[in-house]
Amino acid sequence: MIWLTWRQFRVQAAAAYSLLAVAAAVLLVAGRPLPGSGVTRLAPADGTLYSAGIVAVYGLPALVGVFWGAPLVSRELEAGTHRLVWNQGVTRTRWLVTKVAVTGLAATAAAGLLSLAVTWWAGPLDAASRPDTIRPAGPTLPDAVSFAARISPLVFGARGIVPVGHAAFAFVLGVAAGILLRRAVPAMAVTLTVFAAVQVVVPFAVRPHMVPADRQTVTITMANISKLGVNGTGGLEELAVAEPPGSWGLANETVDTAGRAVTAPSWVADCARPPGQAADPEADEACFARLAGLGYRQRVTYHPADRFWALQGIETALFLALAALLTWLCVRWTRTRLP
């Protein structure tokens, strides 16, 4: 059964691993951007590789689910070729488990290798987002573009071991859709839709609550304020202070003396000077000192940078558990519902 599965899958596996080898070669030839720590901005020449790496690591699990998982069983069900195997002494369970194990291991290994290559290449940038190495943003490189911390929602899923969990889940999701729908194309569409929805929901609705977040309540000053937005009518639109370097900010809200989230007084908008107007540090400090004197503070809720691997482990375990549950359901459906 293993030999048969390999014969059916070898062309796809060879194509995928060839592309992986090409991607790794490109990263090796390009070299790691700005070796060493302390960089806070990325040169445009490396920006394309940086963005492409994120897209590739996110895209691979989806491709695995759509093109490897969904057709794995559904095509045999459509063509009726599964009966040829079942009539030769191979049980339904062995047939399904062997196909899922061989193809699924190849899928997760491919995701792991790609994530390893991208994580290695982006290592200097990720190191620069940690609190012990970060430097204040500034004009370090002309015409450069900025990059996010590795624990931020977008980068987090393209680093470390999480892509392995994503690939395992997407692959088994595709197999389950194929068994339920028994048609390849609808199963591929359902797999892509469900997996994309999960990739949107998990970073913003599940990941922030995997570990209790840290909180800091600080006085608002000219030194720590990061955003002071004013709308077209001159009213205060946004107020935020700088979050700990390399962290993932979940909330940045103004609170009163009782600790309740409130909107800062409208006159705070006058603390922001219009573009072109000369700075007046004494007046600005007095403006924020008045705010602090009324008891207003800023409360920041965040996950610190050193929580990266803890969140990686929890999320990977979550997706592997979902993949194991779906695999069990697939085995039950194959044994009891397939004709």
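1. Rings of Phe, Tyr and Trp, the last taken by its six-membered ring, pair if their centres lie within 6.5 Å. In this predicted model, ring pairs link Phe156, Phe308 and Trp309 into a cluster. By the same rule the count of aromatic pairs comes to six.

2. How do the two rings stand in relative accessible area? Phenylalanine 308 has a value of 2% and is therefore buried, whereas tryptophan 309 has a value of 46% and is therefore partly exposed.

3. Two arginines deserve attention for their position over aromatic rings. Arginine 150 lies over the face of phenylalanine 308, at 4.1 Å from the ring centre; phenylalanine 308 also takes part in the cluster with Phe156 and Trp309. Elsewhere, arginine 290 places its charged end over the ring of tryptophan 267, 3.8 Å from the centre of that ring.

4. The salt bridges number seven by the rule applied. One of them joins lysine 99 to glutamate 76, with 2.8 Å between the closest N and O atoms. This pair links distant parts of the chain, since lysine 99 lies in helix H4 and glutamate 76 in helix H2, 23 residues apart. Lysine 99 has a relative accessible area of 2% and so counts as buried; glutamate 76, with a relative accessible area of 9%, is likewise buried.

5. A further salt bridge is formed by aspartate 214 and arginine 307, whose closest N and O atoms are 3.1 Å apart. Aspartate 214 is in strand S3 (residues 214-218), while arginine 307 is in the loop between strand S7 (297-303) and H10; the pair, 93 residues apart, links distant parts of the chain. Aspartate 214 is partly exposed because its relative accessibility is 27%, whereas arginine 307 is buried because its relative accessible area is 15%.

6. Aspartate 256 forms a salt bridge with arginine 260, again with the closest N and O atoms 3.1 Å apart. Are the two partners buried or exposed? Aspartate 256, at 14% relative accessibility, falls under the 20% limit and is therefore buried. Arginine 260, at 55%, lies over the 50% limit and is therefore exposed.

7. The largest pocket holds about 600 Å³ of space. Its lining comprises 27 residues, and those nearest the centre of the pocket are Ala16, Leu19, Leu60, Leu63 and Leu114. Helix H1 (2-30), helix H2 (44-79) and helix H4 (92-121) are the elements that give two or more residues to this lining.

8. Which element supplies the largest share of the lining of the largest pocket? Helix H2 does, with 13 residues. By class, the lining of this pocket has 23 nonpolar residues, three polar residues and one charged residue. Helices H2 and H4, which contribute to the lining, also carry glutamate 76 and lysine 99, respectively.

Technical notes. Residues are numbered from 1 along each chain as its sequence is written. This is a predicted model: local features need pLDDT of at least 70, side-chain atom pairs count only at pLDDT 80 or more; totals for chains, interfaces and linings use all residues. Side-chain values use heavy atoms; hydrogens and water are left out. Rings of Phe, Tyr and Trp (its six-membered ring) pair if their centres lie within 6.5 Å; planes under 30 degrees apart count as stacked, over 60 as edge-to-face and the rest as tilted. Buried means under 20% relative accessible area, exposed over 50%, partly exposed in between (1.4 Å probe, protein chains only). A charge sits over a ring if NZ of Lys or CZ of Arg is within 6 Å of the ring centre and within 35 degrees of the ring normal. On a 1 Å grid over the protein atoms alone, a cavity is a set of points where a 1.4 Å probe fits but cannot get out, and a pocket is an open set with protein on both sides within 12 Å along at least five of seven lines; lining residues have an atom within 4 Å of a point. Grid points are joined across faces, edges and corners, and a volume is the space filled by probe spheres set on the points. Helices (H or I, at least four residues) and strands (E, at least two) are DSSP runs, numbered from the N terminus. Ala, Val, Leu, Ile, Met, Phe, Trp, Tyr, Cys and Pro count as nonpolar, Asp, Glu, Lys and Arg as charged, and the others, Gly among them, as polar. A salt bridge is a side-chain nitrogen of Lys or Arg within 4 Å of a carboxyl oxygen of Asp or Glu.
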